[in-house]
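Please read the following note alongside the sequence and the model.

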Amino acid sequence: VLVLHAVWALVVGQVRYSVPEEAKAGTVVGRLSQDLGLEAGEAESRRLRLVPQGRRASVEVSGASGALVVSSRLDREELCGKDAPCALRLEVLLERPLRVFHVELEVTDINDNAPVFPAAQKNFSIAEFNTLPGSRFPLEGASDADVGFNAQLSYTLSPSEHFGLDFEKNEEDGESLFLVLTKALDRETVPEHRLLLMASDGGHPSLSGTMELVISVLDVNDNAPQFNQSVYKVQLPEDSEPGSLVLRLEAEDPDTGIYGEVIYKIDSVVPPSASDVFSIDAKRGEIRLKEMLDFETVSFYNLNVKAEDKGTPPLSGHCKVVLKVVDVNDNAPEVRVTSLSVPVSEDAAVGAGVALLSVSDRDSGANGRVRCLLWPASPFGLVSTFAGSYSLVLREALDRERVSEYEVEVRAEDGGSPALRASRVVRVPVSDVNDNAPSFAQAVYTVLARENNAAGAELARLWARDPDEAGNGRVSYSLSEGGGGGAVSGGGWRPASSYVSFEVRAVDAGEPPLWGNATVQLFVVDENDNAPSLLLAAGGAGAGAGGVLSGEGSSFLEPGSLWAWASWGAPAGQVVAKIRAVDADSGYNAWLRYELLEPRGKGAFRVGLYSGEVSTARALEEADGPRQRLVIVVRDHGEPSLSVTATLSVSLVEGSETAQASAGSSAGIGGMAQGGAGSVAVAVGVSEWATNVWLVVAICSVSSVFVLALLLYVGSRCWPRSAVLSGAGPTTLVCASEVGSWSYSQRQSRSLCVSDGAGKSDLMVFSPNFPPPPPVPAGKETQPESSALLDT
């Protein structure tokens, strides 16, 4: 074969070699010099070389050996592309002698190129459900730069339940590759499919290339919006302000675009009257309050909410919102009086019902639990009859005269936090029964009445109090049988001398009537209505015939003058006569004093201020004449003062004549006129024993009056002084001094004061003080309290 080949090469002048691509540099392709019939070393000497061509040759002739070797990288795809076989025509020049040989070099293919797709990723858009299974989508296949088996490609697709591959090969269209839909798509389940398409060649080892298929599933409005719950339960306090968020709803629509845009609406509200209470944001699904809630009106709300997409036709989903209104303590308890039995009689039995009360609270739970109490607690109480109902009953006995009307406050408090309170005032008037008799302020009244008052003149006013009302407190007065003289309110008349003590009875108009008594003690107060009167005068040294000058009221002697005798040379201070006078009045009005009117100035005689004794003021002289005429006035202490005047003629004689006159006067005295009660007798020249008797009488009288005044004072201090007619005002104290002046004291006492020089004077009488009438008791304005008028 070698010989034949060499011969053939020589004959035709052409050598043929084969080398795989990508052979390393230096790889011997063929022994060219031998194949051309050259001896060893002849290739170098004869200069065997390749003739350069237009493109770079990747082989060369080795000068030493004459072999054809690889000089640079052989890339069949670069040299020949897809042509097969790939033969390179080389010209070999042998210069000595010149000769040209043709060498054909075939570059054989190796699997050095993997299949390549036109793009690394290919995108598809396929509508869901509208694209039916079996639909085919053409794919551009991969290319392989190799040839032959190395370029024979097979395709595989990553596993998918929705897609497959279809590969067709025919003479007209060549090879065609298709992506086949095997199952309908659902965008809401898988919105995008990513598959890997792989192409593998037939080389050994096989090479492969891949391309990613991205299938986007186009949406159709095949899904309705869906809430994540079918029922939402919400609690909201009833004091939530308008605008408060109730709930934020969210409905999901797996569709895209307008098919997935959701609009929220409130379909209906139960109760229907609450349709304006809530609002919802159409885009965000926020339910908010438009008005205040009221647990006591509606405690539960049911809202049916719809979520609707924008497809044509639109699809919708529904849910229910159950709103429970939580009670807050916003309602105070209510107290109502359902029945009231008034007025209540003051003799009503303990436990008697007065009113029925109803207590309620619109709140619930602890907020609606109410407890009640009364203020003040007595005299009433609360009794719970059943839930929410109370009876106002009497706990203590009533006394209308102490409290005529009660205001009872019923206080109710709920159990909320903070607690709310309410109250109701119940007015309970108390009706009267005749349980109080009329009563006077004191059991005994002392009344001082002035003498000479006119018939019918008012002596005193007596009040009897009866705290009952209306007829039970209307009082009438009368004198009880067996009382003293006088009359009440214009009754019959009796002698004033019988006014000592009597009883006044006060009777009310109740059924049966009740009564009360009071004793009235009447004292007649003296007035200065009697002037002093002169008594019979008797001369110490002898008295001439004469009489007594009297003032108003009485006459004891014949009219005439008084006579007395005095001896010449009588020393100063010798009593020559004594003027005696009496006054029918008593006390202060009967207290007499004596004054010398004539002669005025420094006369020979003087008169004692209270004794009435006429005595010498100095020693008598002949110059004084045989007779002295003295004018003496006797005055009482009344207001105004009354008086009487006496004229005393004093004859001046010798001492022996004075004795005879005195003896004759003693024999001629036949007696002495008697004065009135309480009077002091004044005598001139009487015997010493008569003077002492009258002095003892005067002292006893004064002592008796003093003791009586002292007893009255002690009694007035010990006797209760409230509302006493004669004991409420200050007492006037009158004292006599030695010179006849008077002093007054407003001290609250009944003292007696007598000066040293007034031992023979009468006692004074105190004027009464009448208190004002007692005030009208509270609550008796409509029934003026009557009084008993005592008149003469």
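The points below go through these parts in turn.

1. This is a predicted model, in which local features need pLDDT of at least 70 and side-chain atom pairs count only at pLDDT 80 or more, while totals for chains, interfaces and linings use all residues. Residues are numbered from 1 along each chain as its sequence is written, and side-chain values use heavy atoms, with hydrogens and water left out.

2. Four strands form an open sheet in the order 25-31-30-27, with mixed pairing. Strand 25 (344–345) and strand 27 (370–375) are its edge strands, each pairing on one side only. Here strands are DSSP runs (E, at least two residues), numbered from the N terminus, and two strands pair if DSSP finds at least two bridges between them.

3. Strand 25 runs parallel to strand 31 (residues 421–431), and two bridges join them. Within this pairing, valine 344 stands opposite valine 430 of strand 31.

4. A second open sheet has three strands in the order 17-21-20, with antiparallel pairing. Strand 17 (245–248) and strand 20 (278–280) each have a single partner strand, so one side of each lacks a neighbour in the sheet.

5. Three bridges link strand 20 to strand 21 (residues 286–289) in the antiparallel sense. Isoleucine 280 faces isoleucine 287 in strand 21.

6. Glutamine 229 lies in the loop between strand 15 (226–227) and strand 16 (231–237). Why does glutamine 229 count as partly exposed? Its relative accessibility is 39%, and partly exposed covers values between buried (under 20% relative accessible area) and exposed (over 50%), with a 1.4 Å probe and protein chains only.
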